[in-house]
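Me: Hello! I am new to this protein and would like a friendly walk through its parts. Could you show me the structure before we start?

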Amino acid sequence: MSVAANDPHVRHDWRREDVEALFRLPFNDLLFRAHSLHRTYFDPNRVQLSTLLSIKTGACPEDCAYCPQSVRYDTGLPREALMEVEAVLEAAREAKANGATRFCMGAAWRSPKDRDLNKVEAMVREVKALGMETCVTLGMLKPEQAGRLADAGLDYYNHNIDTSPEFYGSIITTRTYEDRLNTLANVRDAGIKVCCGGIVGMGEQDKDRAELLRQLAIMQPHPESVPINNLVQVEGTPLKGAEELNPIEFVRTIAVARILMPKSHVRLSAGRTEMSDEMQALCFFAGANSIFYGDRLLTTENPQNLKDRALMARLGIEPQAGEVAEVDAHGEVAGCASAVQAASDGPHGARAA
């Protein structure tokens, strides 16, 4: 088994049958394994808060079947030009005041024009000056564009692979799976951290969800952030009317993501508006430790801040700050008990983050 240097839990050689076997575990066994591993690297009662702002909305030339921003679909979404820097800063200040530590900016482009990057770079610099982590998602990037964003101080670049390679062509035809991997390579080469995940509930099969996660888990290194989106069906898009994913299967997906990528932040992203408090609580137990926090996710609704705060208070969860803990060769956080011991230490266990 190939593992990361000095880390017994991180590996990049997952086989498809290994991942499918995890999905088939009895639900309680899967959650225990995921939660125990989660405690090895993270404080189980802290969640990282990110806020996402659409800085350029609509008129995207891509044909992603889930996306209301595609120019190919009549969804009633207005087209909006790239925002001004000060307007973005105002939103970032509000997000920080509400507890967010990362500010993510999304633009509906196939790929940015070089002249557009001037304003995006200014946004990155100014948001960082507020003391927040920065993330952007702008579509495909050339190496020199990734370099410019790195020079501006960008912390994360989001570029999802969406689904399995086999199912990908059923969802998108205007850019290839390889195009997405090339952009991720350009981002890595520029020294920017990667935010990469996918969408479930698009009509894919169980094997596609397993392969989506496997593709993420064989990346070296793993994406630092892994957003898991539950499809928000929008009138006018081809996926309106798709069979919804069973909530238990969504929780399974979170748990398997945690096992495969134990040091990554696994984020509950789109679809939380439709999730019950109980479903979200199970996701947090299964290893989700990041959420998008605010009223909207690009163009779809998201639970309001007060509702999120109320749920977190009921669960005893607090906003997270800082990085994941380092783990020694025995699988233990320095100064903390093992994951199994931590699970018996009471409601909080070992605080690893």
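Reply: Happy to! One definition first: axes are lines fitted to C-alpha atoms, for helices over the stretch in contact, and angles run from 0 to 180 degrees between N-to-C directions. Helices (H or I, at least four residues) and strands (E, at least two) are DSSP runs, numbered from the N terminus. This is a predicted model, in which local features need pLDDT of at least 70, side-chain atom pairs count only at pLDDT 80 or more, and totals for chains, interfaces and linings use all residues. Residues are numbered from 1 along each chain as its sequence is written, and side-chain values use heavy atoms, with hydrogens and water left out.

Me: At what angle do the axes of helix 4 and helix 5 cross?
Reply: Helix 4 covers residues 114-129 and helix 5 covers residues 143-151. Their axes come within 10 Å. The crossing angle is roughly 15 degrees.

Me: Are helix 4 and helix 5 roughly parallel or roughly antiparallel?
Reply: Angles under 35 degrees count as roughly parallel, over 145 as roughly antiparallel, 65 to 115 as roughly perpendicular and the rest as oblique. The axes here cross at roughly 15 degrees. Helix 4 and helix 5 are therefore roughly parallel.

Me: Is Pro 319 buried or partly exposed?
Reply: Pro 319 lies in strand 12 (residues 318-319), and touches Arg 46, Val 47, Leu 49, Arg 309 and Met 312, not counting residues up to four places away in sequence. Buried means under 20% relative accessible area, exposed over 50%, partly exposed in between (1.4 Å probe, protein chains only). With a relative accessible area of 29%, Pro 319 is partly exposed.

Me: How far apart in space are His 38 and Ala 288, C-alpha to C-alpha?
Reply: His 38 lies in helix 2 (residues 27-41) and is buried, with a relative accessible area of 1%. Leaving aside its neighbours within four places in sequence, His 38 is in contact with Asp 43, Pro 44, Arg 258, Gly 287 and Asn 289. His 38 and Ala 288 are 250 residues apart in sequence, yet their C-alpha atoms are separated in space by 8.8 Å.

Me: Are helix 2 and helix 10 oblique or roughly parallel to each other?
Reply: Helix 10 spans residues 277-286, and its axis is 8 Å from that of helix 2. In this pair, Phe 27, Leu 31, Ala 34 and His 35 of helix 2 meet Leu 282, Phe 285 and Ala 286 of helix 10. The packing angle is about 55 degrees. The two helices are therefore oblique.

Me: How many charged residues does the contact of helix 9 with helix 10 have?
Reply: The axes of helix 9 (residues 247-260) and helix 10 come within 8 Å and cross at roughly 20 degrees. The contact is made by Pro 247, Phe 250, Val 251, Ile 254, Ala 255 and Arg 258 of helix 9 with Met 279, Leu 282, Cys 283 and Ala 286 of helix 10. By class there are nine nonpolar residues, no polar ones, and a charged count of one.

Me: What relative accessible area does Asn 158 have?
Reply: Asn 158 lies in strand 4. Apart from residues up to four places away in sequence, Asn 158 touches Cys 135, Val 136, Thr 137, Cys 195 and Pro 227. Asn 158 is buried, and its relative accessible area is 14%.

Me: What share of the residues of the protein count as buried?
Reply: The protein's secondary structure comes to 12 helices and 12 strands. There are 353 residues, and the share that count as buried is 56%.

Key:
Contact means heavy atoms within 4.5 Å. Ala, Val, Leu, Ile, Met, Phe, Trp, Tyr, Cys and Pro count as nonpolar, Asp, Glu, Lys and Arg as charged, and the others, Gly among them, as polar.
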